[in-house]
Amino acid sequence: MHMFPAFDVRPSSGNLADVSAQTQPEGISPRMSEPTMFEEDFPDTAVVTRAREAGGPEVFETLEVPAPTPGRGQLLVKTAAAGVNFIETYQRSGVYPVEYPFVPGSEGAGEIIAVGEGVESFSTGQRVASTEAIGTYSTHFVVDAAKAVAVPDGVSDEQAAALPLQGVTAHYLINSTYRVSPGETVLTHAGAGGVGQILTQLLKARGARVITTTSTPEKAEVAEAAGADYVLGYEGFAEKVRQITNDEGVSVVYDGVGKDTFTGSLDSLAVRGTMVLFGGASGQVPPYDLQDLNKRGGLYITRPAVHWYLRNAEERTWRFTELFAALTSGDLKLNIGGSYPLAEAGRAHQDLEGRKTTGKLLLKP
Ligand SMILES: NC(=O)c1ccc[n+]([C@@H]2O[C@H](COP(=O)([O-])OP(=O)(O)OC[C@H]3O[C@@H](n4cnc5c(N)ncnc54)[C@H](OP(=O)(O)O)[C@@H]3O)[C@@H](O)[C@H]2O)c1
């Protein structure tokens, strides 16, 4: 057994950050202060799956690197499971700029094995989850203690890893971006997807009427099982939405499909309706003439992202408390559509981008 192996890269004096920068791989935060170790488990190395460069799923490589170390205010977590999210496909492919080699993943859950200086809210041995961690496509990841949440008893590691990003997204969309009232009719897309299934369940618990879209009959069944009132194909969906709503249109569309559905989503809206474009699974929406919003009835449009809705501890606590409560009450069931070994992150991306998946995808170290 090795004791405090990360001290191997620590100088007896001088500039810690400089030395760490020479010895730590890119994407791993340098040690800024001596963490409190849970000695038994502290690793020499971590195994990461990272993108070598921008490209397809084949740019992923899995390799052993020096274990990350928690800086001041940070936790080192042994990964039980990491969530796979669409944003990582944008980062891997170069749609969103990142520095390569790049260890993706902001979502994960596991056990704390070391805490950095100044951490008082957590201790080693506790289970935590986060959607704001650093490089969770790894056997170990670092997260700011302020951005981690304790996982309650009764919530499994898998659930804890599956919930944060898609759960918080669904929560902020229906509570903060546009607050849905009981009885309102709402259109969401990709109703069998990860966010889609959670959105539908939370909307139904709110008492809303949910119209959604899917690309296959099998996925339609999944969306229906999540509680959707109407499941449509993509072809001509706006016309059908208008029929369902007696030509009124819906007050809000939550659109994470983007390029292929954008115009149809606008066509589905009532006067003064709100278009929430929260993703681009089919591609990014090209530049748009705002004058069109006037022609269509004074519509509203927004392009939100999770970090704008986790602005402080209160928001984080509010969202996670409600999500964990929905999980334990049974209002929310997480559908894990696939668990992949860490080294097969490329296959997970291929399946996600290839529209082969339903529900949440996880990576297991
Ligand atoms: N802004 C935020 O805060 C935020 C946070 C989380 C996720 N998101 C976004 O939300 C969307 C859904 O994310 P998710 O992780 O839950 O993924 P997901 O819905 O499980 O997977 C994406 C789904 O999009 C649908 N889709 C339609 N056209 C597609 C195309 N050309 N290529 C691939 N998929 C297509 C597919 O369902 P069908 O086959 O049924 O069409 C596919 O299964 C993504 O755009 C993601 O970027 C945004």
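In the predicted model, Pro-101 lies in the loop that runs between helix H2 (86-93) and strand S5 (108-115). The peptide bond leading from Tyr-100 into Pro-101 is cis, and its omega is near -5°. Most peptide bonds are trans, and most residues other than glycine have a negative phi.

Asn-246, a residue other than glycine, has a positive phi, near 50°. Asn-246 is placed in the loop between helix H7 (237-244) and strand S12 (250-255). Within 10 Å of Asn-246 there are 7 other C-beta atoms; because a residue with 12 or fewer such neighbours is classed as exposed, Asn-246 is exposed. A positive phi, of about 65°, also occurs at Arg-272, which is not a glycine. Arg-272 belongs to strand S13 (residues 269-277). Arg-272 has 11 C-beta neighbours inside 10 Å and therefore counts as exposed.

The packing of two helices was also described. Helix H4 (residues 164-177) packs against helix H10 (residues 313-329) at an angle of about 105°, and their axes are 10 Å apart. Angles of 65 to 115 degrees count as roughly perpendicular, so H4 is roughly perpendicular to H10. On the side of H4, the contact is formed by Gly-167, Val-168, His-171 and Tyr-172, while H10 contributes Arg-319, Glu-322 and Leu-323.

Definitions and conventions: Residues numbered from 1 in each chain as written. Predicted model: local features only at pLDDT ≥ 70, side-chain atom pairs only at ≥ 80, totals over all residues. Axes fitted to C-alpha atoms, helices over the stretch in contact; angles between N-to-C directions. Helix = DSSP H or I, 4+ residues; strand = E, 2+ residues; numbered from the N terminus. Parallel < 35°, antiparallel > 145°, perpendicular 65-115°, else oblique. Contact = placed C-beta atoms within 7 Å. Buried ≥ 20, exposed ≤ 12 C-beta atoms within 10 Å, placed from the backbone.
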